[in-house]
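Visitor: Hi, I'm new to this and would like a close look at one part: the place where chains meet. Could you take me there slowly, in plain words?

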Amino acid sequence: MVKLDKLITDDKIRQKSFWQIVIIRFNSNKLARFSLFFIVILASLTVIIPLVSSYDYSMPDFVNSLEPPSIKHWFGTDGLGRDLFVRTFIGGRITFEIAFMATIAVMCIGIIYGAIAGFVGGIVDTLMMRFVDILYGIPFLFFSILLITLFGQSLFVSFVAIAAISWLDMARVVRGQTIGLRHKEFIEAAILYNLPRWAIIINHIIPNLLGVVIVYLALVVPNMIVLSAVLSFFGLGVMEPMTSWGVLISDGANNMTAWWLLLFPSLMMITTLLAFANIANGLRDALDPR
Amino acid sequence: MILFIIKRLLLAIPTLFFIVLIVFSLVHLTPGDPFQGEKAMSPEVLKALRHQYHLDLPFWQQFFYYINNLMHGDFGQSYKFIGQSINELIFPDNMGGFWVTLNLSLYSMLIIIPVGIVLGVYAGLYKNSFLDKLVVTFNVIFSAVPTMVTGPLLVLLFAVTFHIFPASGYGDGGLYNLFLPVMVLALAYIPTICVVTRGSIIEVLNSNYIRTARAKGLSDRVIIFKHAIRPTLIPVISVLGPMFVSVLVGAIVTEQVFALPGLGILTTNAATNRDYNLIMAITIFGSFLTIIFNLLVDIMYFVLDPRIKK
């Protein structure tokens with residue numbers, strides 16, 4: 001079989017898929033591309049640096065406690081003499097882990113819930129969305145604090161608590177999109193074909209939701225980072241000697257005379273959040289150019 | 001009008017009821033006893049305590065007691081400080097608890113709303129100018145960076161390095177003590193208002209009736225202040241309700257940063273002491289505020305936008 005795609009070299013004739021166009025558009029946004037690159041590098045560094053560094057993130061070294069930044073300790077040392085550079089990166093690893101795990105959970109719950117509500121419609125939809133409205137009435141911060149106090153303080157619980165309150169927006173967005181899709185010809189064809197509902201949702205609805213979901217995810221990840229950090233301010237972050245950006249910043253805020261304790265983790269978090277904001281912007285423009 | 005308000009009120013009540021039910025079930029159906037692991041208590045004392053808090057009753061009766069108390073405006077008693085009423089903790093007679101949080105939020109809203117609207121209108125009127133780009137950049141930065149980062153950094157700059165404002169403490173609740181916390185909240189929430197206003201005025205200025213007003217030969221000043229401002233503000237009002245609630249929540253985070261004696265410290269203490277009743281009360285109170293504000297915004301919307309009235 002001849003591959004037409006390889007023979008036709010004229011770009012104007014050659015058919016590009018939706019996702020190819022999206023990638024091209026995203027790449028043309030320099031700021032967004034650079035931000036994505038930055039996040040990938042940073043995420044890799046949070047894994048690599050604690051492995052290769054000669055300092056250990058958990059070993060106290062009281063002789064060198066609270067040393068300002070120097071060639072030996074780039075970000076200085078904390079009250080227990082631990083190297084802040086390593087701790088910032090291991091904290092970044094934990095922060096990214098919580099954020100990404102929570103985002104995946106948010107995505108799964110939100111997509112399934114929203115797609116079912118939107119596709120089934122009728123009374124099921126009304127009830128499911130009323131439930132979402134009710135949960136919207138609970139301020140997220142108190143709800144996650146409640147969950148963490150109830151189920152104990154651990155990495156797993158804090159990510160569940162964060163995810164449990166963040167899927168609502170996703171469910172709403174997905175439902176709206178699904179309702180738009182439900183009356184498209186290809187879905188009606190699938191219904192006529194007598195496919196079971198779950199098969200239609202999984203094979204035909206969900207793949208067509210991905211555009212919206214991806215834009216939305218780029219907004220969810222930074223939210224999760226902030227939320228997990230906020231919880232640290234209430235003493236509900238990860239436990240010593242493990243750390244996260246939230247814990248580092250809240251420790252730094254409690255010891256302002258050692259300015260480096262606050263400044264470096266804050267700067268890391270700010271650049272990360274801004275990078276995510278740029279990525280979200282780029283993705284939105286790429287997927288939905290009005 | 002009155003019918004509309006009554007309808008919205010009737011819808012709010014079941015929502016609040018289900019929120020209480022969800023929160024209450026979460027607290028009471030998870031295994032574990034609030035008095036477990038306390039300093040050794042004799043079985044008799046424990047039994048008396050459990051009776052005092054109705055914990056010896058079946059779930060539904062406990063819930064009934066709780067709802068009944070709530071309807072009388074009573075959040076019950078703290079699990080940690082036996083016999084201490086939660087109402088006194090949240091709404092103390094002297095300054096503290098919710099009053100601090102409310103004070104902080106109100107001051108912040110007083111700055112956020114006008115500054116956000118003015119900046120948004122200017123940016124929209126001078127679209128793509130240098131000022132507009134500055135405002136848009138400001139919005140991008142401060143809607144990404146949360147209060148828990150800007151707060152400590154501002155303290156580091158203004159309090160520790162330059163000694164202009166105190167780093168923490170409530171003092172007499174005056175401007176000197178509250179300036180930094182209010183600034184932190186303002187920086188975080190001005191972008192919300194500003195973005196909406198900017199988008200709104202750009203849309204309004206391109207609408208047909210503005211073209212008509214221009215065709216009539218009205219001056220730009222009259223068009224902007226008489227015809228464009230009111231419709232511009234309608235979408236702004238719709239974000240005010242959710243925003244006031246998030247400012248309250250943001251105020252609680254800010255309180256943590258500045259060690260203000262508000263709901264934040266209460267929540268932290270409740271979380272570390274596992275004082276379920278207190279957290280439950282704060283959560284339900286927060287939900288109550290959320291619903292009330294959304295209701296108020298709906299009513300304001302109704303008054304301002306004649307199109308909804310039919």
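Guide: Let's start with chain A, whose secondary structure comes to eleven helices and zero strands; here helices (H or I, at least four residues) and strands (E, at least two) are DSSP runs, numbered from the N terminus. Before we go on, this is a predicted model, where local features need pLDDT of at least 70, side-chain atom pairs count only at pLDDT 80 or more, and totals for chains, interfaces and linings use all residues. Residues are numbered from 1 along each chain as its sequence is written, chains are lettered from A and ligands numbered from 1 in the order in which they are written, and side-chain values use heavy atoms, leaving out hydrogens and water.

The C-alpha trace of chain A spans about 75 × 55 × 30 Å along its principal axes. Chain B has twelve helices and zero strands, and the C-alpha trace of chain B spans about 85 × 60 × 30 Å along its principal axes.

Now for the place where they touch. Chain A puts 38 residues into the contact and chain B puts in 40 residues, with contact meaning heavy atoms within 4.5 Å. About 3,500 Å² is buried between chain A and chain B, and carbon and sulfur atoms give 86% of that area. Buried area is the accessible area (1.4 Å probe) that two parts lose on being put together, summed over both.

What about charges and polar groups? Across the interface of chain A and chain B there are zero salt bridges, a salt bridge being a side-chain nitrogen of Lys or Arg within 4 Å of a carboxyl oxygen of Asp or Glu. Three residue pairs are in polar contact between chain A and chain B, both residues at pLDDT 80 or more. A polar contact is a pair of N or O atoms within 3.5 Å; within protein, one must be able to donate a hydrogen and the other to accept it, and residues adjacent in sequence count only if both atoms are side-chain atoms.

On chain A, the helices that each supply at least two residues of the side touching chain B are H5 (122–136), H6 (140–151), H9 (197–233), H10 (245–254) and H11 (259–287). H6(A) gives the most to that side, with ten residues. Sorted by type, the side of chain A that touches chain B has 32 nonpolar residues, five polar and one charged. Ala, Val, Leu, Ile, Met, Phe, Trp, Tyr, Cys and Pro count as nonpolar, Asp, Glu, Lys and Arg as charged, and the others, Gly among them, as polar.

Let's follow H6(A) back into its own chain. H6(A) packs with H7(A) (residues 155–182) at an angle of about 145°, their axes 9 Å apart. Axes are lines fitted to C-alpha atoms, for helices over the stretch in contact, and angles run from 0 to 180 degrees between N-to-C directions. Among the residues that meet are Phe140(A), Leu147(A) and Phe151(A) in H6(A), and Val157(A) and Ala161(A) in H7(A). That contact of H6(A) with H7(A) has nine nonpolar residues, two polar and no charged.

Asp125(A) lies in helix H5 and Arg175(A) in helix H7 of chain A, so the pair ties together parts that are 50 residues apart in sequence. Side chains of opposite charge can pair when their charged atoms come close. Over all chains, the whole structure has six salt bridges.
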